[in-house]
Amino acid sequence: MRAYKAMLQATSVILVACAAWSASNPIGSAREGVAHKTAARASTRAEGLAAWQQVYSVLTHARCINCHTATNYPQQGDDRHRHFANVVRGPDGKGVPVLQCITCHQESNADSTGVPGGHNWHLAPLSMQWQDLNDKILSSAEVCRAVTDRSKNDNLDGQGLLRHHEEEPLVLWAFQPGRRIDGTPRTLPPLTHERFVAATRTWVEAGTPCPQNR
Amino acid sequence: METYTLTVNGQPKEVTVDPGTPLLWVLREDLKMTGTKYGCGIAACGACTVHVGGVATRSCVVPVSLIGDRPIVTIEAMAEDPVGRAVQDAWVSHDVVQCGYCQSGQIMSAVALLKSTPKPTDTNIEASMGGNLCRCGTYVRIREAIKTASQQLT
(Lines give C-alpha, C1' and ligand atoms only; values in the text may rest on other atoms or scores of the structure.)
Protein backbone atom coordinates (compact mmCIF):
# COMPACT_ATOMS: atom_id res chain seq x y z
CA MET A 1 0.00 0.00 0.00
CA ARG A 2 2.82 2.37 0.92
CA ALA A 3 4.58 1.55 -2.33
CA TYR A 4 1.34 2.20 -4.29
CA LYS A 5 0.99 5.69 -2.68
CA ALA A 6 4.58 6.48 -3.51
CA MET A 7 4.01 5.47 -7.10
CA LEU A 8 0.93 7.71 -7.32
CA GLN A 9 2.87 10.69 -5.94
CA ALA A 10 5.67 10.13 -8.41
CA THR A 11 3.23 9.87 -11.27
CA SER A 12 1.54 13.12 -10.20
CA VAL A 13 4.86 14.94 -10.14
CA ILE A 14 5.69 13.70 -13.62
CA LEU A 15 2.24 14.75 -14.94
CA VAL A 16 2.50 18.24 -13.42
CA ALA A 17 5.98 18.63 -14.84
CA CYS A 18 4.81 17.52 -18.27
CA ALA A 19 1.88 19.92 -18.15
CA ALA A 20 4.14 22.80 -17.19
CA TRP A 21 6.56 21.97 -19.99
CA SER A 22 3.75 21.64 -22.44
CA ALA A 23 2.26 25.00 -21.50
CA SER A 24 5.59 26.74 -21.92
CA ASN A 25 6.53 24.91 -25.11
CA PRO A 26 4.99 26.17 -28.41
CA ILE A 27 5.73 22.90 -30.19
CA GLY A 28 3.97 21.02 -27.45
CA SER A 29 0.95 23.35 -27.70
CA ALA A 30 0.74 22.86 -31.44
CA ARG A 31 0.87 19.11 -31.02
CA GLU A 32 -1.85 19.32 -28.44
CA GLY A 33 -4.00 21.35 -30.84
CA VAL A 34 -3.55 18.77 -33.57
CA ALA A 35 -4.45 16.08 -31.08
CA HIS A 36 -7.62 17.98 -30.16
CA LYS A 37 -8.57 18.45 -33.81
CA THR A 38 -7.94 14.78 -34.51
CA ALA A 39 -10.06 13.88 -31.52
CA ALA A 40 -12.81 16.22 -32.74
CA ARG A 41 -12.77 14.66 -36.22
CA ALA A 42 -12.86 11.19 -34.72
CA SER A 43 -15.72 12.23 -32.51
CA THR A 44 -17.65 13.65 -35.47
CA ARG A 45 -17.13 10.48 -37.44
CA ALA A 46 -18.17 8.40 -34.46
CA GLU A 47 -21.25 10.54 -34.04
CA GLY A 48 -21.93 10.22 -37.74
CA LEU A 49 -21.66 6.46 -37.61
CA ALA A 50 -23.93 6.34 -34.58
CA ALA A 51 -26.41 8.58 -36.38
CA TRP A 52 -26.22 6.33 -39.46
CA GLN A 53 -27.20 3.35 -37.33
CA GLN A 54 -30.32 5.25 -36.34
CA VAL A 55 -31.02 6.09 -39.97
CA TYR A 56 -30.45 2.45 -40.90
CA SER A 57 -32.97 1.32 -38.29
CA VAL A 58 -35.61 3.37 -40.11
CA LEU A 59 -34.59 2.45 -43.66
CA THR A 60 -34.88 -1.23 -42.83
CA HIS A 61 -38.25 -0.93 -41.14
CA ALA A 62 -41.05 -2.56 -43.10
CA ARG A 63 -42.66 0.80 -43.90
CA CYS A 64 -39.55 1.69 -45.89
CA ILE A 65 -37.90 -1.49 -47.03
CA ASN A 66 -41.07 -3.09 -48.41
CA CYS A 67 -40.61 -0.89 -51.48
CA HIS A 68 -36.81 -1.22 -51.62
CA THR A 69 -36.82 -4.80 -52.85
CA ALA A 70 -34.36 -6.63 -55.08
CA THR A 71 -37.19 -8.49 -56.79
CA ASN A 72 -39.76 -7.62 -59.42
CA TYR A 73 -42.46 -7.17 -56.79
CA PRO A 74 -43.10 -5.05 -53.70
CA GLN A 75 -43.73 -6.44 -50.25
CA GLN A 76 -46.37 -5.58 -47.72
CA GLY A 77 -47.04 -5.99 -44.03
CA ASP A 78 -44.69 -6.12 -41.09
CA ASP A 79 -43.72 -9.65 -42.12
CA ARG A 80 -42.72 -8.25 -45.54
CA HIS A 81 -44.63 -10.83 -47.53
CA ARG A 82 -44.96 -10.57 -51.29
CA HIS A 83 -47.59 -8.06 -52.39
CA PHE A 84 -50.84 -9.83 -53.25
CA ALA A 85 -52.73 -9.75 -56.56
CA ASN A 86 -49.70 -10.49 -58.73
CA VAL A 87 -48.47 -6.93 -58.46
CA VAL A 88 -45.18 -6.51 -60.30
CA ARG A 89 -42.54 -3.80 -60.49
CA GLY A 90 -42.96 -2.83 -64.14
CA PRO A 91 -40.45 -0.91 -66.22
CA ASP A 92 -40.39 2.25 -64.09
CA GLY A 93 -41.26 0.88 -60.67
CA LYS A 94 -44.89 1.93 -60.96
CA GLY A 95 -46.41 -1.38 -62.02
CA VAL A 96 -47.78 -2.39 -65.40
CA PRO A 97 -50.59 -0.76 -67.39
CA VAL A 98 -53.55 -2.47 -65.75
CA LEU A 99 -51.87 -3.02 -62.40
CA GLN A 100 -50.19 0.26 -61.67
CA CYS A 101 -49.46 1.21 -58.10
CA ILE A 102 -52.10 3.92 -58.47
CA THR A 103 -54.65 1.29 -59.47
CA CYS A 104 -55.19 1.12 -55.70
CA HIS A 105 -52.81 3.53 -53.95
CA GLN A 106 -54.19 7.05 -54.11
CA GLU A 107 -52.72 10.40 -53.08
CA SER A 108 -53.38 9.76 -49.40
CA ASN A 109 -54.24 6.89 -47.08
CA ALA A 110 -57.65 5.35 -47.54
CA ASP A 111 -58.36 4.43 -43.96
CA SER A 112 -61.92 3.30 -44.69
CA THR A 113 -60.60 0.56 -46.98
CA GLY A 114 -57.16 0.03 -45.44
CA VAL A 115 -55.16 0.94 -48.53
CA PRO A 116 -52.13 3.13 -47.87
CA GLY A 117 -51.53 6.06 -50.17
CA GLY A 118 -49.19 8.92 -50.91
CA HIS A 119 -48.12 11.05 -53.84
CA ASN A 120 -46.52 9.14 -56.70
CA TRP A 121 -46.67 5.72 -55.06
CA HIS A 122 -43.93 3.57 -56.56
CA LEU A 123 -41.12 1.15 -55.89
CA ALA A 124 -37.61 2.38 -55.31
CA PRO A 125 -35.33 1.59 -58.25
CA LEU A 126 -33.39 -1.66 -58.16
CA SER A 127 -30.21 0.32 -57.54
CA MET A 128 -31.70 1.25 -54.19
CA GLN A 129 -32.46 -2.33 -53.16
CA TRP A 130 -31.81 -2.77 -49.46
CA GLN A 131 -32.39 -6.50 -49.42
CA ASP A 132 -31.18 -9.42 -51.45
CA LEU A 133 -33.07 -11.68 -53.83
CA ASN A 134 -34.02 -13.88 -50.88
CA ASP A 135 -35.57 -10.86 -49.14
CA LYS A 136 -32.78 -10.81 -46.55
CA ILE A 137 -32.07 -7.27 -45.35
CA LEU A 138 -28.61 -6.04 -46.35
CA SER A 139 -26.12 -5.08 -43.66
CA SER A 140 -25.72 -1.56 -42.36
CA ALA A 141 -22.50 -1.16 -44.33
CA GLU A 142 -24.04 -2.44 -47.56
CA VAL A 143 -27.09 -0.18 -47.32
CA CYS A 144 -24.87 2.78 -46.41
CA ARG A 145 -22.65 2.19 -49.43
CA ALA A 146 -25.68 1.98 -51.72
CA VAL A 147 -27.32 5.08 -50.29
CA THR A 148 -24.16 7.15 -50.67
CA ASP A 149 -23.23 5.89 -54.14
CA ARG A 150 -24.25 8.71 -56.45
CA SER A 151 -24.27 6.34 -59.41
CA LYS A 152 -27.07 4.47 -57.63
CA ASN A 153 -28.93 7.09 -55.62
CA ASP A 154 -30.14 9.44 -58.35
CA ASN A 155 -26.96 11.48 -57.94
CA LEU A 156 -27.86 12.79 -54.49
CA ASP A 157 -25.11 14.30 -52.36
CA GLY A 158 -25.41 14.50 -48.58
CA GLN A 159 -27.66 17.53 -48.67
CA GLY A 160 -29.76 15.84 -51.33
CA LEU A 161 -30.17 12.80 -49.13
CA LEU A 162 -31.16 15.03 -46.24
CA ARG A 163 -33.77 16.78 -48.36
CA HIS A 164 -35.04 13.41 -49.55
CA HIS A 165 -35.56 12.33 -45.95
CA GLU A 166 -37.11 15.68 -45.04
CA GLU A 167 -39.48 16.15 -47.96
CA GLU A 168 -40.09 13.10 -50.16
CA PRO A 169 -43.80 12.30 -49.84
CA LEU A 170 -43.28 8.56 -49.60
CA VAL A 171 -40.69 9.04 -46.86
CA LEU A 172 -43.18 11.22 -45.02
CA TRP A 173 -45.84 8.55 -45.55
CA ALA A 174 -43.77 6.02 -43.60
CA PHE A 175 -44.30 8.10 -40.47
CA GLN A 176 -48.03 8.50 -41.09
CA PRO A 177 -48.88 5.15 -42.66
CA GLY A 178 -52.57 5.05 -41.82
CA ARG A 179 -54.67 2.09 -40.83
CA ARG A 180 -54.91 -1.49 -41.94
CA ILE A 181 -58.09 -2.93 -43.32
CA ASP A 182 -59.01 -4.15 -39.82
CA GLY A 183 -58.78 -0.58 -38.53
CA THR A 184 -55.60 -1.05 -36.51
CA PRO A 185 -52.80 1.45 -37.12
CA ARG A 186 -49.78 0.33 -39.13
CA THR A 187 -46.61 0.06 -37.13
CA LEU A 188 -44.24 3.01 -37.25
CA PRO A 189 -40.49 3.18 -37.84
CA PRO A 190 -38.41 3.20 -34.65
CA LEU A 191 -37.79 6.97 -34.80
CA THR A 192 -40.14 9.89 -35.27
CA HIS A 193 -39.70 11.77 -38.53
CA GLU A 194 -38.12 14.64 -36.60
CA ARG A 195 -35.53 12.36 -35.00
CA PHE A 196 -34.95 10.59 -38.31
CA VAL A 197 -34.16 13.89 -40.02
CA ALA A 198 -31.97 14.96 -37.11
CA ALA A 199 -30.03 11.70 -37.31
CA THR A 200 -29.68 12.12 -41.06
CA ARG A 201 -28.41 15.66 -40.57
CA THR A 202 -25.79 14.52 -38.05
CA TRP A 203 -24.70 11.76 -40.41
CA VAL A 204 -24.51 14.16 -43.38
CA GLU A 205 -22.59 16.78 -41.39
CA ALA A 206 -20.11 14.06 -40.45
CA GLY A 207 -19.53 13.41 -44.15
CA THR A 208 -21.93 10.44 -44.54
CA PRO A 209 -19.51 7.90 -43.02
CA CYS A 210 -20.27 4.24 -43.59
CA PRO A 211 -19.35 1.29 -41.38
CA GLN A 212 -16.21 -0.44 -42.63
CA ASN A 213 -17.38 -4.00 -42.18
CA ARG A 214 -19.41 -5.91 -44.70
CA MET B 1 -72.08 12.82 -45.08
CA GLU B 2 -70.59 14.89 -47.86
CA THR B 3 -71.82 15.84 -51.30
CA TYR B 4 -69.62 15.08 -54.28
CA THR B 5 -70.05 15.84 -57.95
CA LEU B 6 -68.55 13.00 -59.94
CA THR B 7 -68.10 12.82 -63.68
CA VAL B 8 -69.23 9.34 -64.63
CA ASN B 9 -69.11 8.35 -68.29
CA GLY B 10 -69.07 12.02 -69.23
CA GLN B 11 -72.09 12.92 -67.13
CA PRO B 12 -72.00 14.95 -63.89
CA LYS B 13 -73.49 12.97 -61.02
CA GLU B 14 -74.11 14.36 -57.57
CA VAL B 15 -74.05 12.04 -54.60
CA THR B 16 -74.27 12.61 -50.86
CA VAL B 17 -72.42 9.84 -49.08
CA ASP B 18 -69.98 9.11 -46.30
CA PRO B 19 -66.50 10.24 -47.50
CA GLY B 20 -65.09 6.80 -46.82
CA THR B 21 -67.56 5.02 -49.08
CA PRO B 22 -65.74 3.06 -51.78
CA LEU B 23 -66.43 4.26 -55.30
CA LEU B 24 -67.82 0.81 -56.13
CA TRP B 25 -70.72 1.26 -53.75
CA VAL B 26 -71.38 4.80 -54.89
CA LEU B 27 -71.68 3.46 -58.45
CA ARG B 28 -73.81 0.48 -57.57
CA GLU B 29 -75.95 1.74 -54.70
CA ASP B 30 -76.26 5.46 -55.25
CA LEU B 31 -76.03 5.71 -59.01
CA LYS B 32 -77.59 2.29 -59.68
CA MET B 33 -74.88 1.43 -62.19
CA THR B 34 -74.56 -2.26 -61.46
CA GLY B 35 -72.32 -3.24 -64.35
CA THR B 36 -69.30 -2.90 -62.06
CA LYS B 37 -69.12 -5.95 -59.83
CA TYR B 38 -68.23 -6.60 -56.23
CA GLY B 39 -65.86 -9.53 -56.00
CA CYS B 40 -63.48 -9.55 -53.04
CA GLY B 41 -63.67 -6.04 -51.63
CA ILE B 42 -59.92 -5.88 -51.07
CA ALA B 43 -58.60 -5.16 -54.57
CA ALA B 44 -57.48 -8.73 -55.01
CA CYS B 45 -59.69 -9.91 -57.88
CA GLY B 46 -60.28 -7.03 -60.30
CA ALA B 47 -64.02 -7.51 -60.73
CA CYS B 48 -64.63 -3.91 -59.67
CA THR B 49 -62.21 -2.35 -62.16
CA VAL B 50 -63.21 1.02 -63.60
CA HIS B 51 -61.12 3.78 -65.15
CA VAL B 52 -60.41 6.83 -63.01
CA GLY B 53 -58.57 9.57 -64.85
CA GLY B 54 -57.74 7.02 -67.52
CA VAL B 55 -56.17 4.60 -65.04
CA ALA B 56 -57.58 1.15 -64.40
CA THR B 57 -58.66 1.43 -60.78
CA ARG B 58 -59.99 -1.01 -58.18
CA SER B 59 -63.14 0.83 -57.20
CA CYS B 60 -63.75 -1.33 -54.14
CA VAL B 61 -60.84 0.21 -52.23
CA VAL B 62 -60.90 3.82 -53.40
CA PRO B 63 -62.99 6.06 -51.16
CA VAL B 64 -65.15 8.52 -53.04
CA SER B 65 -63.42 11.34 -51.17
CA LEU B 66 -60.16 10.61 -53.01
CA ILE B 67 -61.59 10.77 -56.54
CA GLY B 68 -61.40 14.55 -56.86
CA ASP B 69 -62.16 15.83 -60.33
CA ARG B 70 -60.86 12.81 -62.20
CA PRO B 71 -63.36 11.42 -64.70
CA ILE B 72 -64.74 7.96 -64.06
CA VAL B 73 -65.47 5.54 -66.88
CA THR B 74 -67.34 2.30 -66.28
CA ILE B 75 -68.31 -0.78 -68.26
CA GLU B 76 -71.57 0.95 -69.19
CA ALA B 77 -69.60 3.30 -71.48
CA MET B 78 -67.56 0.66 -73.28
CA ALA B 79 -69.95 0.20 -76.17
CA GLU B 80 -69.36 3.85 -77.10
CA ASP B 81 -65.59 3.61 -76.80
CA PRO B 82 -63.70 2.46 -79.92
CA VAL B 83 -61.33 0.27 -77.95
CA GLY B 84 -64.12 -0.89 -75.67
CA ARG B 85 -66.25 -1.79 -78.66
CA ALA B 86 -63.41 -3.76 -80.24
CA VAL B 87 -62.77 -5.63 -77.01
CA GLN B 88 -66.43 -6.47 -76.51
CA ASP B 89 -66.68 -7.71 -80.11
CA ALA B 90 -63.61 -9.87 -79.61
CA TRP B 91 -65.07 -11.17 -76.37
CA VAL B 92 -68.17 -12.27 -78.25
CA SER B 93 -66.30 -13.78 -81.18
CA HIS B 94 -64.08 -15.84 -78.86
CA ASP B 95 -67.03 -16.73 -76.62
CA VAL B 96 -64.87 -15.69 -73.68
CA VAL B 97 -67.52 -15.53 -71.03
CA GLN B 98 -68.57 -18.49 -68.95
CA CYS B 99 -70.41 -17.36 -65.79
CA GLY B 100 -69.58 -13.74 -66.63
CA TYR B 101 -69.27 -12.33 -63.15
CA CYS B 102 -65.69 -11.11 -63.51
CA GLN B 103 -66.01 -10.07 -67.13
CA SER B 104 -66.84 -6.40 -66.75
CA GLY B 105 -63.63 -6.05 -64.77
CA GLN B 106 -61.75 -8.14 -67.32
CA ILE B 107 -62.98 -5.96 -70.16
CA MET B 108 -62.15 -2.72 -68.35
CA SER B 109 -58.65 -4.05 -67.70
CA ALA B 110 -58.22 -5.23 -71.28
CA VAL B 111 -59.28 -1.83 -72.60
CA ALA B 112 -56.80 -0.09 -70.30
CA LEU B 113 -54.08 -2.43 -71.50
CA LEU B 114 -54.80 -1.83 -75.17
CA LYS B 115 -54.98 1.93 -74.71
CA SER B 116 -51.50 1.98 -73.20
CA THR B 117 -50.03 -0.94 -75.12
CA PRO B 118 -51.76 -1.31 -78.49
CA LYS B 119 -49.80 -4.43 -79.44
CA PRO B 120 -49.31 -6.35 -76.21
CA THR B 121 -47.15 -9.44 -76.07
CA ASP B 122 -48.15 -12.53 -74.14
CA THR B 123 -45.90 -11.29 -71.35
CA ASN B 124 -47.62 -7.89 -71.35
CA ILE B 125 -51.01 -9.56 -71.21
CA GLU B 126 -50.05 -11.92 -68.41
CA ALA B 127 -48.43 -9.20 -66.31
CA SER B 128 -51.27 -6.75 -66.78
CA MET B 129 -54.22 -9.13 -66.63
CA GLY B 130 -52.69 -11.31 -63.93
CA GLY B 131 -54.50 -9.39 -61.24
CA ASN B 132 -57.93 -10.10 -62.71
CA LEU B 133 -59.18 -13.42 -61.44
CA CYS B 134 -61.65 -15.65 -63.25
CA ARG B 135 -62.91 -18.64 -61.31
CA CYS B 136 -64.21 -20.18 -64.53
CA GLY B 137 -60.67 -20.15 -65.89
CA THR B 138 -61.34 -18.26 -69.10
CA TYR B 139 -57.81 -16.91 -69.20
CA VAL B 140 -56.78 -18.50 -72.49
CA ARG B 141 -59.80 -17.10 -74.29
CA ILE B 142 -59.24 -13.70 -72.67
CA ARG B 143 -55.71 -13.63 -74.02
CA GLU B 144 -56.80 -14.59 -77.52
CA ALA B 145 -59.60 -12.02 -77.47
CA ILE B 146 -57.18 -9.27 -76.47
CA LYS B 147 -54.93 -10.21 -79.38
CA THR B 148 -57.89 -10.17 -81.76
CA ALA B 149 -58.97 -6.74 -80.51
CA SER B 150 -55.41 -5.52 -80.87
CA GLN B 151 -55.26 -6.69 -84.49
CA GLN B 152 -58.54 -5.03 -85.23
CA LEU B 153 -57.42 -1.74 -83.73
CA THR B 154 -53.92 -1.50 -85.23
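Visitor: Among contacts in chain A between residues at least 6 apart in sequence, what share joins residues at least 24 apart?
Guide: In this predicted model, 59% of those contacts join residues at least 24 apart, and a pair counts as a contact if the two C-beta atoms, placed from the backbone, lie within 7 Å. One pair of residues can be followed along the chain by another distance, that between C-alpha atoms: Asn213(A) and Ser140(A) are 73 residues apart along the chain, and their C-alpha atoms are separated by 8.7 Å.

Visitor: Why does Asn213(A) count as exposed?
Guide: Asn213(A) has 8 C-beta neighbours inside 10 Å, and a residue is exposed if that number is 12 or fewer, so Asn213(A) counts as exposed. Asn213(A) belongs to the segment after α7 of chain A. For chain A as a whole, 29% of its 214 residues count as buried.

Visitor: How many helices and strands are there in chain A, and in what order do the elements run?
Guide: Chain A has seven helices and four strands, and from the N terminus on the order is α-α-α-β-β-β-β-α-α-α-α.

Visitor: What makes α5(A) and α7(A) roughly antiparallel or roughly parallel to each other?
Guide: The axes of α5 (residues 158-167) and α7 (residues 193-205) of chain A come within 9 Å and cross at roughly 180°. Angles over 145 degrees count as roughly antiparallel, and the two helices are therefore roughly antiparallel to each other. On the α5(A) side the contact is made by Gly158(A), Gln159(A), Leu161(A), Leu162(A), His165(A) and Glu166(A), and on the α7(A) side by Phe196(A), Val197(A), Thr200(A), Arg201(A) and Val204(A). By class, the residues of this contact divide into five nonpolar, four polar and two charged.

Visitor: Turning to chain B, what makes β1 and β2 of chain B a pair of strands?
Guide: Two strands pair if there are at least two bridges between them, and seven bridges join β1 (residues 2-8) to β2 (residues 11-17) of chain B, which run antiparallel. Among the facing residues, Glu2(B) stands opposite Val17(B), and Thr5(B) stands opposite Glu14(B). The two strands form a hairpin with two residues between them, and Asn9(B) in the turn has a positive phi of about 50°.

Visitor: Why is β2(B) called hardly covered?
Guide: A residue is buried if 20 or more other C-beta atoms lie within 10 Å of its own, and among the seven residues of β2(B) the count of buried residues is zero.

Visitor: Which residues of β3(B) point one way and which the other way, and are they buried or exposed?
Guide: Thr49(B) and His51(B) point one way, Val50(B) and Val52(B) point the other way, and all are buried. In a regular strand the side chains alternate between the two faces of the sheet.

Visitor: Which strands pair with β3(B), and over how many bridges?
Guide: Four bridges join β3(B) to β4(B), and these strands run antiparallel, with Ala56(B) of β4(B) as the bridge partner of His51(B). Their hairpin has two residues between the strands, and Gly53(B) takes a positive phi near 60° there. The strand β5 (residues 72-73) of chain B also pairs with β3(B) in the antiparallel sense, over two bridges, and Ile72(B) in β5(B) stands opposite Val52(B).

Visitor: How far apart do the C-alpha centres of domain 1 and domain 2 of chain B lie?
Guide: The domain assignment of chain B gives domain 1 (2-74) and domain 2 (77-153), and their C-alpha centres lie 21 Å apart. The contact takes 15 residues from domain 1 and eleven residues from domain 2. On the side of domain 1 that touches domain 2, β3 of chain B (residues 49-52) gives the most, with three residues, and this side has six nonpolar, eight polar and one charged residues.

Visitor: How many residues of chain B are in contact with chain A?
Guide: There are 23 residues of chain B in contact with 21 residues of chain A. On the side of chain B that touches chain A, β4 (55-58), α3 (103-116) and α4 (122-129) of chain B each supply at least two residues, and the residues of that side divide into 14 nonpolar, eight polar and one charged.

Visitor: Which residues of α4(B) are buried, and what do they pack against?
Guide: The buried residues of α4(B) are Ile125(B), Ala127(B), Ser128(B) and Met129(B). They pack against β3 (95-96) and β4 (99-100) of chain A, together with α3 and α5 (139-153) of chain B.

Conventions. Residues numbered from 1 in each chain as written. Chains lettered and ligands numbered in written order. Predicted model: local features only at pLDDT ≥ 70, side-chain atom pairs only at ≥ 80, totals over all residues. Nonpolar A, V, L, I, M, F, W, Y, C, P; charged D, E, K, R; others polar. Axes fitted to C-alpha atoms, helices over the stretch in contact; angles between N-to-C directions. Parallel < 35°, antiparallel > 145°, perpendicular 65-115°, else oblique. Domains from an automatic or database assignment.
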